[in-house]
Amino acid sequence: MAVASSSDVVILALGVVLAAVYLFKDQIFAASKSVTPVTTSSKLANGGGNPRDFIAKMKEGNKRVVIFYGSQTGTAEEYAIRLAKEAKSKFGLASLVCDPEEYDFENLDQIPENSAVFFVMATYGEGEPTDNAVELCQKLSDDSFDFSNGEHKLSGLKYVVFGLGNRTYEHYNLIARNVDRDLAKMGGIKIGERGEGDDDKSMEEDYLAWKDGMWEAFAKAMNVEEGQGGDTPDFVVSEVQDHPPEKVYLGELSARALTKSRGIHDAKNPFPATISVARELFADGADRNCVHVELNIEGSGMTYQHGDHVGVWPSNPELEVERLLCALGLHDKKDTVIGIESLDPALAKVPFPVPTTYVTVLRHYIDISAVAGRQMLGVLSKYAPNPEAEAFLKNLNTNKAEYSAIVGDGCLKLGEVLQYAAKDDLKAAPTPANTTVWNIPFDIIVSSITRLQPRYYSISSSPKLHPNSIHVTAVVLKYESSGDKVEQRLIYGVGSNFLLNLKAASNGESTSLISDPADSSPAKVLGGPVYAIEGPRGAYKQDTIYKSPIHVRRSTFRLPTNPKSPVIMIGPGTGVAPFRGFVQERVAMARRTIDKNGPEGLADWGNIRLYFGSRTSTQDFLYRDEWDNYAKELHGKFTMRCAFSRENYKPDGSKIYVQDLIWEDHEVIADAILTGKGYIYICGDAKSMSKSVEEALCKILGEAKGGSAEVEGAAELKMLKERSRLLLDVWS
């Protein structure tokens, strides 16, 4: 090995020193210069750099109100935004509207003393928080969770609670009540009374009855006076010239749909599913319709499980689109391209994709088919075409009884209210010539009417038998309006009649807007609704094949994984839909088991019992030609009991329903539940059927345990629900 001389070492050392001096010359020779301190931006200083820090966002925006919403379908979010708008218009207070899923709550105790927190909480399923509010509710109720103060306390926190629920469900507004309880327990100070909206009657009226007293208490607690705000629009609508046509949204529900690019299909990007089968389930001569639709999802990347829901995205009926175009004076410029900009994105986001057109907004994006809200009418009254129409709308806005008699009982949509107030003929097909124009700014329409939402249906198939197809079973909603203020007429449900249109078109059946197609007079009588089912740019129609935009919503409504567990299913009417999927699921499992072990492989399986009800065995017995085949494949493990209310009667002449059959089989049911540790599923009407079935179950279980329905039976039923052995998929 070579050894370096001493002179080499000196030269090398000198080189290192000179190199170091050169590299750090600025620091060495700048000692006399003033040092500029490193500044931190205000956003970083107050934590605004963390997008999950709502306290920082409140401070940045000088907002004294923060509103958290727990929403499954969008309704609670809509009410949260309404509260924010009212805080601004009444008191001039800016609000931060928050999806709780997007924020952390460790600093909830840092809410400034001059601020307040609103909780707008929907109760979902069987007394559960909505998906986006699960973590929030857990942290509020968990005594071991500490806020930034090191304690589970929110002393002095000013809060407001409004709940959304349905009184036909057992756990009515449970989440709002729990939030209120937890906040009070931690030392919070409630402003006003807790509000509770009942979707079974009128969520809107419950909200209106609650909010005035709440705002009065709010003003006192926050030391503010009404009148400090003002009427300011949420949006600016502008007509756009020379925008590339291919970049204009004409009903597409996502940017991916507009650009035809691939991506995940969900609620934000629905999949246009081809309708492979569409048929009528009720017999000829029935006075109602029930459609069976099969939606092809092959190649979509979408999957589903038995018991899930499918969201179908309808459009509004063309009649209502035309009516509102005429009433707003937009008929001749309906295809004009418009841009919409939010003046306060934190308060009011543009609820649909833009740029778009006037007619597209009314057809695809906002819910003009809903009954017009009472609060909305007060805002619109100032744009009335004459003093009489203005006075009429103001009266509807302030007179709850009159609103209920005219708009509520008459089921009047916004376009119909405007026509009725102007004394136009509601029975005539609307045209610019026969419809009075209201000069309502379009930004007011966008602000006042909620987004058109998907309609959800229980999937009536199993992916084990139909992996590339989702089946829908929907009775078509059609009923007469009530009351004597507005002439009675037929009212049509949006989603089910949309499916009926698709079924007719898929099969080459005709649909007509008028009862007599030969009558083309202006006063022609209007028939069932017609929809623009061909979709934006004809995207939902290829020759004679039609599509519908859909997405899948997950559910916990599932069979037990162990086939040895007995299963009891109660589903009258279209409540049988998910149970068709359940039975198909078991059939698929049985086929695999038999292929491997023969029919004896099913010997220790629990029995599946289905209780179905309809009016007659000949007209509305859903899937009557399928059940016997399923029973054969399940080799005696499937039993079906049917109650035909207009064929079979009790000795006293009263009708027989599913709850009566359940009581007839009380010994079998008690044994399946108590001995076999079986599972119970109920699907259908929540208002009467579900309650009656639960009462029958309480009676059965109470007697089987040697007690009463009210005590032992109710306790057993509660335990079954807590252990997820009694599951409900019900609606009102």
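View 1. The model is predicted, and local features need pLDDT of at least 70. Residues are numbered from 1 along each chain as its sequence is written. Over residues 65-215, the chain is 33% helix and 23% strand, where helices (H or I, at least four residues) and strands (E, at least two) are DSSP runs. The end C-alpha atoms of this region are 13 Å apart.

**View 2. An open sheet of five strands.** The strands follow the order β22-β21-β20-β23-β24 and pair in parallel; two strands pair if DSSP finds at least two bridges between them. Because β22 (638-644) and β24 (726-731) stand at the edges with a single partner strand each, one side of each lacks a neighbour in the sheet. On average, neighbouring strands are turned by 10° against each other, direction ignored.

**View 3. The pairing of β20 with β23, and a helix on the sheet.** Four bridges join β20 (residues 567-570) to β23 (residues 679-685) in the parallel sense. Ile570 has Ile682 of β23 as its bridge partner. Helix α21 (residues 666-675) packs on the sheet and touches β20, β21 (608-614) and β23, contact meaning heavy atoms within 4.5 Å. The direction of α21 makes about 125° with that of β20 (axes are lines fitted to C-alpha atoms, for helices over the stretch in contact, and angles run from 0 to 180 degrees between N-to-C directions).

Note on methods: This is a predicted model: local features need pLDDT of at least 70, side-chain atom pairs count only at pLDDT 80 or more; totals for chains, interfaces and linings use all residues. Side-chain values use heavy atoms; hydrogens and water are left out.
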